[in-house]
Amino acid sequence: FPVTIVVSYVPDNLLITVEDDGVGLDMQRVTESKGMGNLRARISFLDGKFDLISSPGKGTSINLTIPRYV
């Protein structure tokens with residue numbers, strides 16, 4: 001499956017989006033992996049925001065927002 005990675009900078013934040021058009025995830029049945037937990041912890045340490053959006057058959061999108069002052 002192709003993956004799209006977009007990195008952009010707005011006045012106060014670095015925005016990173018990673019998307020695929022794969023099979024997606026059932027978010028009510030997903031358990032957090034060590035890798036995903038590690039990513040969440042690192043973004044939290046930077047006072048950032050981590051969003052995982054997915055649904056079966058519609059792919060997955062991970063959105064990271066990292067404040068400028070980091």
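Lys 49 has 49% relative accessibility and therefore counts as partly exposed; buried means under 20% relative accessible area, exposed over 50%, and partly exposed in between (1.4 Å probe, protein chains only). The model is predicted: local features need pLDDT of at least 70, side-chain atom pairs count only at pLDDT 80 or more, and totals for chains, interfaces and linings use all residues. Residues are numbered from 1 along each chain as its sequence is written, and side-chain values use heavy atoms, with hydrogens and water left out.

Lys 49 forms a salt bridge with Asp 51. The closest N and O atoms are 3.7 Å apart. A salt bridge here is a side-chain nitrogen of Lys or Arg within 4 Å of a carboxyl oxygen of Asp or Glu. Asp 51 is partly exposed, because its relative accessibility is 28%. One salt bridge is found in the whole structure.

The largest nonpolar core has seven residues: Ile 16, Ile 43, Phe 50, Leu 52, Ile 62, Leu 64 and Ile 66. Strands β3 (49-54) and β4 (60-67) each supply at least two of its residues. β4 gives the most, with three. Such a core is a set of buried Ala, Val, Leu, Ile, Met, Phe, Trp, Tyr and Cys residues joined through side-chain atoms within 4.5 Å. Strands are DSSP runs (E, at least two residues), numbered from the N terminus.

Ile 43 touches Gly 48, Lys 49, Phe 50, Leu 64, Thr 65 and Ile 66, not counting residues up to four places away in sequence. Contact means heavy atoms within 4.5 Å.

Ile 5 lies in strand β1 (residues 3-10). Ile 5 counts as exposed because its relative accessibility is 58%.

Conventions
Helix = DSSP H or I, 4+ residues; strand = E, 2+ residues; numbered from the N terminus.
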